[in-house]
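Hi,

Here is the structure I promised to pass on. Have a look at it first, and then read my notes below.

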Amino acid sequence: MRVFVTGASGHIGSAVVSELVAAGHEVVGLARSDTAAATVTALGATARRGDLDDLDGLKAAAADYDGVIHVAFKHDQMLSGHVAAAVAAELATVQALGDALAGTGKPLVTASGTGTFGQLGRPLTEEDAGTPSGEADAGTPHSRIDSEIAVVGFAERDVRSSVVRIPPITHSTLDRHGFARMLIATAEEKGFAGYPGAGANRWPAVHTLDVAHLFRLALEKAPAGTRWHAVGDEGIPLREIAQSIGDHLGLPTESISADRLQAYFGGFLAMVIAHDIPTSTRTTRRVLGWEPTHPGLLADFDEGNYFTTHSAHI
């Protein structure tokens, strides 16, 4: 299959490209710079210059290939506090890709996040669809749920569309700027590994290579209009994550009260760190036959990559 991949030089995208190439697919990756193009080429794919702001270019690219995997997202915009702008850009992108593939029966697989739903009081399942967020005052959507709903809805337009939800902590040697790195860097800066309150709230996590494998399975055989969970650890208590970080850094661990979360974690992380977001993978494993085979988060920490010199600050 000839596959177009956005975000092809990034953390998740580079793993997806490698997975597809190894499986015999011909891959073309979107690259917005010469550096990104060189990375895509080194992975065994062909680089196609462009970016997420060029919607006409995205439509043309999508129409040229047998399937599309979209994993690019404006994470820097989101982490800087411009969440509404980031999710509005995401919605515009998926709508452009869906329009390009309408009536073709071709696969479109996009990325979303398990944390999008906040706290449900129970594990998130693949059947949880969410409801449209509505429009913010500025006239832009303010939740990635809107993009999910749009992608799933493309099934009614003869697109074999599906969504892969990725947990907030996606870890491996490919991780350079993710939440695991952020937690480690914060512990080093503050001199202790912090966790919110009692630290009993749970976060899912997954190895990058397991995510890449699920994207390939979804591309190859996911039914239209479906959602899947790329989750290895379905819910690790934050206190255990902090304890592991503290042990590896030789630092103590400490509970952070609600009024101190912003001071310790800062920015976007402080807004979400206390969420309890366990996630089920039952349907994903049963229907697609996906099984994570790489180390879980704490085992990955034990392998040492995250705690080598300068690793937490890349």
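This is a predicted model: local features need pLDDT of at least 70, side-chain atom pairs count only at pLDDT 80 or more; totals for chains, interfaces and linings use all residues.

With a relative accessible area of 42%, Asp-158 is partly exposed.

Next, the helices. Two packed helices are described by the angle between their axes and the distance between the axes. For helix H3 (residues 55–64) and helix H5 (residues 83–101), the axes come within 8 Å and cross at roughly 40 degrees. That makes H3 oblique to H5, and the crossing is right-handed. On the H3 side, the residues that meet H5 are Leu-55, Leu-58, Lys-59, Ala-62 and Ala-63. Their partners in H5 are Ala-92, Thr-93, Ala-96, Leu-97, Asp-99, Ala-100 and Leu-101.

H5 also packs against H6, and there the axes come within 9 Å and cross at roughly 5 degrees. Angles under 35 degrees count as roughly parallel, so H5 and H6 are roughly parallel to each other. Here Val-87, Glu-90, Leu-91 and Val-94 of H5 meet Asp-146, Ser-147, Ala-150 and Val-151 of H6.

Two of those residues turn up again around Thr-110: its contacts include Val-94 and Val-151. Thr-110 sits in strand S5 (residues 107–113) and counts as buried, at 3% relative accessibility. Leaving aside residues up to four places away in sequence, Thr-110 also touches His-70, Ser-162, Val-163, Val-164 and Phe-215.

Now for the rings. I count seven aromatic pairs, going by ring centres within 6.5 Å. One of them is Phe-192 with Tyr-264: the ring centres are 5.0 Å apart and the planes are at 35 degrees, so the pair is tilted.

Elsewhere, ring pairs join Phe-179, Trp-203 and Phe-268 into a cluster. There is also a charge over a ring: the charged end of Arg-144 sits over Phe-73, 4.0 Å from the ring centre.

You will find Trp-290 in the loop between helix H12 (282–288) and helix H13 (297–302). Its C-alpha atom is separated by 8.6 Å from that of Asp-210, which is 80 residues away along the chain. Asp-210 is also among the residues that Trp-290 touches, not counting those up to four places away in sequence. Others on that list include His-213, Leu-214, Leu-217, His-229, Ala-230, Val-231 and Gly-232, along with Thr-281, Thr-284 and Arg-285.

Cheers

Note on methods: Residues are numbered from 1 along each chain as its sequence is written. Side-chain values use heavy atoms; hydrogens and water are left out. Rings of Phe, Tyr and Trp (its six-membered ring) pair if their centres lie within 6.5 Å; planes under 30 degrees apart count as stacked, over 60 as edge-to-face and the rest as tilted. A charge sits over a ring if NZ of Lys or CZ of Arg is within 6 Å of the ring centre and within 35 degrees of the ring normal. Buried means under 20% relative accessible area, exposed over 50%, partly exposed in between (1.4 Å probe, protein chains only). Helices (H or I, at least four residues) and strands (E, at least two) are DSSP runs, numbered from the N terminus. Contact means heavy atoms within 4.5 Å. Axes are lines fitted to C-alpha atoms, for helices over the stretch in contact, and angles run from 0 to 180 degrees between N-to-C directions. Angles under 35 degrees count as roughly parallel, over 145 as roughly antiparallel, 65 to 115 as roughly perpendicular and the rest as oblique. A crossing is left-handed if the near helix is turned anticlockwise from the far one by less than a right angle, and right-handed if clockwise.
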